[in-house]
Amino acid sequence: MQTYSIGLQMPGNKTDAVPCERLRFFSPTFMGIPLTDHARQLQPSGSIVSRVTAGFVVGGLAVTLSLSLAALIFSGPLSPFLPVAIRVILLGAAVVSVAGALTGSLPGTILVPQSAPAALTALMAAALAGNLAADAVPAGRLCMTVMAALAGTTLCTGVVLLLLGKLRLGAMVRFVPYPVFGGFLAGTGWLLVQGAMRVMTDLPLATSNLALLGAPGIALRWVPGLIFALVLLVVLARYNHLMVMPVLIVSAIGLFYGLLSLMGLSTVDAVSRGLLAPSFASTGWLPQGFAAGGLMVSWPHMTVIFHALPALLVISVVDLLFSASALELAVAKDIDLNRELKAAGVANLLAGIGGGIIGYQSMTFTVLSRQISPDSSRIPGLVSAALCALTLIFGSALLHLFPKPVLGGLLMFLGFSFLREWLWDAYFRLSPMDYGIVVLILLVIVLWGFMAGLAVGMVAAVALFVVDYSRIDVIKHALAGDVHRSNVDRSEEEHRLLKAYGEAIHVFKLQGFIFFGTASTLLEAFRCRVRDGGSAPLGYAVFDFNRVTALDASAVYSFLRMRQLAEADGVRLVLTHLSGAIGRRLEKGGLVDDPGGRVRFFPDLDRGLEWCEDAVLAGVHAQALPVDGLLAQRVRRLFTDPDLAERLMGYLVKQTIDAGAFLMRQGDPADALFFIESGQVTTLLETDDGKTIRLRTMQPGTVVGEIGLYLDEPRSASVVADRPTTVYCLSGDALGRMRKEAPDIAAEFHRFIACLLAERLVYTNAALKSLQD
């Protein structure tokens with residue numbers, strides 16, 4: 001995430017987000033990445049002047065940034081090699097800008113060397129230089145080894161970015177906790193401030209050097225840079241204009257030379273006082289003493305790369321993806337994150353070959369370019385690259401005239417920007433815990449270094465996951481069996497018994513990832529229900545895994561402990577909707593389906609509840625009504641006139657259905673309804689893909705087919721007999737005759753059907769209410 005600002009105002013005319021351009025299979029490619037229609041992009045269809053102007057503005061800033069980062073990395077004992085570093089980093093800046101302009105998914109995206117990985121690179125270079133100096137390695141070999149280390153980290157970063165893009169892992173940024181990333185960037189800000197002091201004074205910012213840094217001669221080097229950084233911070237916070245940063249830089253340079261003139265100091269005097277770098281005019285591409293020092297890189301010392309590379313990769317990948325995501329919001333266009341990863345990967349591979357440092361997409365530079373030239377074009381990126389190359393070729397001899405307080409002030413401004421965003425701004429937008437993690441990571445980086453901060457950040461990421469996920473209740477719903485029933489239509493007597501004894505069934509609908517942070521909560525909820533008892537002791541605990549994504553070993557342990565408690569208290573555990581992976585994990589842990597034991601597995605919640613209800617009904621010894629006459633008894637109870645009930649039976653036709661036979665088929669005309677007298681039938685929905693879903697099971701005393709008959713619509717589902725079944729059929733013709741011959745019976749029959757539907761609605765409302773409680 002780019003946290004430094006150059007006085008930008010986000011575009012006000014937001015446009016609808018549009019998908020990235022789709023490329024035909026024969027589109028040309030650049031190192032495996034498809035190129036867009038460059039001929040169209042390079043034609044001056046819009047204002048060529050605005051595009052070139054945008055390129056010159058961002059190019060000038062890219063040159064300034066490159067100088068600052070070169071001074072950051074090659075400071076202290078490496079400062080004699082700064083001329084070589086500036087040329088190499090300028091070359092890398094030109095390369096990444098060209099590669100980004102030609103391969104990015106969003107025309108006009110600007111790629112530049114980045115300050116966040118540069119701060120870590122500076123630490124690596126300083127450690128490597130110290131090791132080499134301790135072993136008395138010649139200057140030429142020392143320089144080549146450091147340059148090789150920079151190239152190696154850039155190449156490795158390029159390979160990783162390219163692989164991430166090829167594997168389409170651009171969404172991985174969502175898995176990095178925001179405060180952890182903020183802690184890394186706050187630590188990067190501190191490293192930039194340290195580096196800025198080292199650039200300006202050639203001394204590390206440490207407690208042992210505080211007295212020396214306060215000496216007048218040394219303070220003259222860094223106090224102007226500090227003032228310039230603070231001016232940038234304050235002015236850019238107040239004024240959002242694209243020319244603020246260039247004007248402030250030019251003004252600072254002019255003020256520097258004006259003060260030199262007033263003090264009567266020459267550039268030679270400024271060099272001797274440490275305010276300017278030595279002249280680059282006599283310095284070639286290779287450092288002095290290179291030929292005498294030998295051509296070979298000191299490979300044994302290159303192991304420092306492997307210590308720094310993990311942190312560099314983490315900060316580069318996450319910063320790149322956050323920057324690209326922020327750029328989507330700034331320009332109101334969709335960006336292909338995977339393609340941006342590949343573009344940055346190719347850019348770093350090419351820059352690494354030339355010895356450049358890590359660079360990738362800059363949200364700040366891109367928005368600045370689009371402010372100057374709103375139409376999407378790749379020309380600004382190419383012009384920026386050309387300006388870096390021209391500076392490299394024709395202007396490198398004059399680069400030493402760039403005041404060190406201005407270079408250091410720019411670096412210090414970048415560091416202050418990181419720190420302000422994550423120590424001040426974040427205080428008002430983050431929770432106390434999240435803000436505490438940012439501060440913790442920063443303190444660890446300050447006291448023990450970035451690698452220690454990276455380790456603490458990873459631990460903090462895990463801790464954040466555990467804490468935040470533990471706040472999500474693993475029990476989505478806890479329901480009693482007296483109101484939450486299976487999709488089985490039972491007789492009135494069975495409904496009464498289940499309402500009276502259904503609390504012996506308790507349903508836990510689970511959700512999310514069950515792990516050590518949530519498994520204990522589930523175990524405690526089970527314990528509480530066992531101890532509570534309620535109006536009925538717990539007999540059946542149903543755990544529905546339909547919304548569970550996974551579970552760990554601690555969750556398996558919790559279920560094993562629940563089985564022990566169930567055995568002690570006479571409870572049956574019913575586990576439903578287990579996926580293959582979850583079921584195998586439970587079985588490996590020793591929890592298996594045991595029809596004769598305390599644990600049962602069922603494919604879905606409906607069948608699990610049906611089994612529990614059947615067991616409850618069997619346990620309370622429900623008085624079975626006679627098979628014959630069940631319908632007659634219910635009709636007599638609901639009809640106000642017993643004579644009308646007897647006359648109704650004359651319009652019904654008794655039928656016997658074999659097990660497996662269809663009572664009705666989905667899509668057939670609805671020409672009758674059926675009263676279930678004995679046996680059992682199931683309603684099945686046939687989906688378009690050929691699958692069959694069980695909707696409901698009906699037992700004696702229930703009605704099926706009434707909706708289609710009353711609405712005169714085709715059957716919406718099929719009904720099949722589960723076992724030999726006896727039904728009474730009322731056909732549409734018989735219902736029509738009833739209306740004509742006995743309107744009083746028809747009216748009473750309609751009231752009878754309304755009562756049945758009302759009963760179903762009451763049960764449905766009770767179930768819905770239980771889900772809201």
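# Briefing: a predicted protein model

Residues 24 or more positions apart account for 82% of the contacts in the protein with a separation of 6 or more, where contact means heavy atoms within 4.5 Å. This is a predicted model, in which local features need pLDDT of at least 70, side-chain atom pairs count only at pLDDT 80 or more, and totals for chains, interfaces and linings use all residues. Residues are numbered from 1 along each chain as its sequence is written, while side-chain values use heavy atoms, with hydrogens and water left out.

**Overall architecture**

- The secondary structure comprises 28 helices and 16 strands; helices (H or I, at least four residues) and strands (E, at least two) are DSSP runs, numbered from the N terminus.
- The protein has 773 residues, of which 54% count as buried; buried means under 20% relative accessible area, exposed over 50%, and partly exposed in between (1.4 Å probe, protein chains only).

**Salt bridges**

- Side chains of opposite charge can pair when their charged atoms come close.
- The structure holds 14 salt bridges, each being a side-chain nitrogen of Lys or Arg within 4 Å of a carboxyl oxygen of Asp or Glu.
- Another salt bridge is formed by the side chains of Glu421 and Arg429 (3.6 Å, N to O). Glu421 counts as buried because its relative accessibility is 14%, whereas Arg429, at 40%, is partly exposed.
- The side chains of Arg607 and Asp604 also meet in a salt bridge (2.6 Å, N to O); Arg607 is partly exposed at 33% relative accessibility, and Asp604 is buried at 17%.

**The surroundings of Arg694**

- Arg694 belongs to strand S14 (residues 692-698) and counts as buried because its relative accessibility is 15%.
- The side chain of Arg694 makes polar contacts with the side chains of Asp606 (2.6 Å) and Glu610 (2.8 Å). A polar contact is a pair of N or O atoms within 3.5 Å; within protein, one must be able to donate a hydrogen and the other to accept it, and residues adjacent in sequence count only if both atoms are side-chain atoms.
- Beyond its neighbours within four places in sequence, Arg694 is in contact with residues including Arg607, Thr682, Thr683 and Leu684.

**Buried residues and cysteines**

- Phe365, in helix H14 (residues 363-372), is buried, with a relative accessible area of 3%.
- Although 308 residues separate Phe365 from Val57 in sequence, the two are 9.3 Å apart in space, C-alpha to C-alpha.
- Cys388 is buried at 1% relative accessible area, and Cys612 is buried at 0%.
- A disulfide is a covalent bond between the sulfur atoms of two cysteines. With a disulfide defined as a pair of cysteine sulfur atoms within 2.5 Å, the count comes to zero.

**A nonpolar surface patch**

- Val159, Leu163, Leu167 and Leu169 make a nonpolar surface patch of about 350 Å². Patches are made of residues with over 30% relative accessible area and no salt bridge: like charges are joined within 9 Å, and nonpolar side chains (Val, Leu, Ile, Met, Phe, Trp, Tyr) within 5 Å.
- Leu167 lies in the loop between helix H5 (139-166) and helix H6 (178-201) and is exposed, with a relative accessible area of 57%.

Technical notes: Accessible areas come from the Shrake-Rupley method with a 1.4 Å probe; for residues, only the protein chains shown count as cover.
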